[in-house]
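Reader: I am new to this structure. Could you walk me through how to read it?
Author: Gladly; let us look at it together.

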Amino acid sequence: NSYFQKALCHSVKEEHGAAENAFQAALRLDPEHVESLTGLAGLLSQPPASLEMNHSQAGVAMGVELDGSHEDMLALERLNRAHSVFQRALKIVPTFVPALCGNG
């Protein structure tokens, strides 16, 4: 599926937001596409370096200082989502090696 291919290209270029959007678009077309599920989960399990900056900028825009605990909570949320997506991929194809490896 072309969205999956776009997601891979964005991932290689470290364009994490665009990659995440493309993986999600691929999954809207085929919710059981294990490669897209695994790609999305892998992306979620390794937060981009820009994640912290984006949340800090958002905090400044809202007039709020974000502390480490908030950022830790956001990272944990992403890891929990990643785990759920890996689990979803493994329910579809229990022997899919990238999902097995990513799920730990």
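Author: We start with contact, which means heavy atoms within 4.5 Å. Leu40, leaving aside residues up to four places away in sequence, touches Glu20, Phe23, Gln24 and Leu27. This is a predicted model: local features need pLDDT of at least 70, side-chain atom pairs count only at pLDDT 80 or more, and totals for chains, interfaces and linings use all residues. Residues are numbered from 1 along each chain as its sequence is written, and side-chain values use heavy atoms, with hydrogens and water left out.

Reader: Which residues of the largest nonpolar core touch the most other members?
Author: Such a core is a set of buried (under 20% relative accessible area, 1.4 Å probe, protein chains only) Ala, Val, Leu, Ile, Met, Phe, Trp, Tyr and Cys residues joined through side-chain atoms within 4.5 Å. Here the core has 20 residues, and Phe23, Leu37, Leu40, Leu44, Val85, Ala89 and Ala99 touch the most other members. Helix H3 (34-45) is one of its suppliers, giving the largest share, six residues. Helices are DSSP runs (H or I, at least four residues) numbered from the N terminus.

Reader: How many aromatic pairs does the search find?
Author: Rings of Phe, Tyr and Trp (its six-membered ring) pair if their centres lie within 6.5 Å; planes under 30 degrees apart count as stacked, over 60 as edge-to-face and the rest as tilted. The whole structure holds one: Phe4 and Phe23, tilted, at 6.2 Å centre to centre with 55° between the planes. Phe4 lies in helix H1 and Phe23 in helix H2, 19 residues apart. Both are buried.

Technical notes: Helix = DSSP H or I, 4+ residues; strand = E, 2+ residues; numbered from the N terminus. Buried < 20%, exposed > 50% of the residue type's maximum accessible area, 1.4 Å probe, protein only.
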